Amino acid sequence: MREQIKVLIVDDEENFRDLLIQRLSRKGYWVKGAATGEEALHFLKEETFQVAIFDIKLPGMDGIELLQQARQIEENLQVIILTGHGTIESAIEAMKMGAYDYLTKPCNLAELEITLQKAYEKKQLLEENLGMKEVLRRDRSSRVIVGKSQAITRVLELAKKVAASDSPVLIEGESGTGKELIVNAIHHWSSRAQQPLVAVNSGALPAQLLESELFGHEKGAFTGALTTKKGLIESAHRGTLFLDEIGEMELGLQVKLLRFLETGEFRRVGDVRLRKVDVRVIAATNRNLEEEVVKGNFREDLYYRLNVIKIRVPPLRERKEDIPLLAEYFLQKAGNGAPKQLASDALEALMSYDYPGNVRELFNILERGILLSTGAKIQKEDLFGCFAREDEPKLCTLEEMEKRYIKQVLEAVQWNKTKAAELLGISVRNLYRKIEEYQLKK
């Protein structure tokens, strides 16, 4: 189900404001209207809006001042300015202050809808990129790489060696092994540590959008390109660009990435000018790129350009001696001053499991154990589901076990279905189906 986009319309012309509210509401937006800047600020403090439409001429506080104060409340709020022909200079000034775009009144409603949708997409991309940067630029305490096994020690030694160079690095490993932590470590140990580490998930965006995100675009380069936009490659100048899930990148875009890696030069979408930046590229993938090359899904020349230095992050099943350390680290971090301990049978169960989801799955299992345990120690059944008690039959059907376990998790998180779905490793939609199927009730 698509997220309902929240829009704030601020215009003192009641008929026009009502027209916009009715039109956008019919299109599925959640819309609120305000007649003054003061009223708008009140709404912004109460609700989270993705996009706002401000008339530049308002009674009292004008659209420019409203823009300044609104961005202080919601930094990533995307604002579209409505302006008359006599106030276009003011609208341009608003663009310099961070407005997404401006339209002249009377505006074409279809054009306004397109601009609104693009403004919303920009906000989504900003939040995704900020979220990824937050993961990769955490403080030292939260980006610790835990482990003393030979497998992880070799990885860290290699990461320290390659950090001193500017050569591309390819990091391979299964999902959940901590590839992003190795990227973070390489950047931290490099001479670029004080410069930005910019990350983008190559599989999270359609090809055209990903190209625009990487290289930037000029105004008018494609439908919806209403402003000039600097790409992530430029944002990473003198720093590190992290291309996560590089194996998901579309072949046409791989050609342009290869050209950039070979020359350091690129063009924004829709621009004829060449630009040059100084960027160190690190790519990561959970695929076997050699196999993808054979299948024709990945360019051989790009593979060899990225594969100057390869680091393979081992799966958790190949470094099981690190499980006690990882478990202790997680329990200490999640304990809020009074960390729980693992019962001996619980630790044995953790050591015997193969972890298809790797370290991420281990941490999810431990989080589940913390929530479901009732005493100071986490028992085996708290980690891995319902096991028969002394006063219960020793065996039950798989269906009954699933029903009891889902109910146990739901009760442990006070029926927070999003949290329960995360702990169970299923989608929220699937959880709702299970609740209905098993007729579970709060």
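Tutor: The crossing of helices H8 and H10 is left-handed, meaning that the near helix is turned anticlockwise from the far one by less than a right angle. The model is predicted, with local features needing pLDDT of at least 70 and side-chain atom pairs counting only at pLDDT 80 or more, while totals for chains, interfaces and linings use all residues. Residues are numbered from 1 along each chain as its sequence is written, and side-chain values use heavy atoms, without hydrogens or water.

On the H8 side the contact (heavy atoms within 4.5 Å) is made by Ala 207, Leu 210, Glu 211, Leu 214 and Phe 215. H10 contributes Leu 253, Lys 256, Leu 257 and Phe 260. Seven of these residues are nonpolar (Ala, Val, Leu, Ile, Met, Phe, Trp, Tyr, Cys or Pro), two are charged (Asp, Glu, Lys or Arg) and none is polar (the others, Gly among them).

H8 covers residues 207–215 and H10 residues 251–263; their axes are 11 Å apart, at an angle of about 15°. Axes here are lines fitted to C-alpha atoms over the stretch in contact, and angles run from 0 to 180 degrees between N-to-C directions. H8 and H10 are therefore roughly parallel, the term for angles under 35 degrees.

As for context, the protein has 19 helices and 16 strands, taken as DSSP runs (H or I, at least four residues, for helices; E, at least two, for strands). Of its 442 residues, 47% are buried, that is, under 20% relative accessible area with a 1.4 Å probe, protein chains only. The C-alpha trace spans about 80 × 60 × 45 Å along its principal axes.

Key:
Parallel < 35°, antiparallel > 145°, perpendicular 65-115°, else oblique. Buried < 20%, exposed > 50% of the residue type's maximum accessible area, 1.4 Å probe, protein only.
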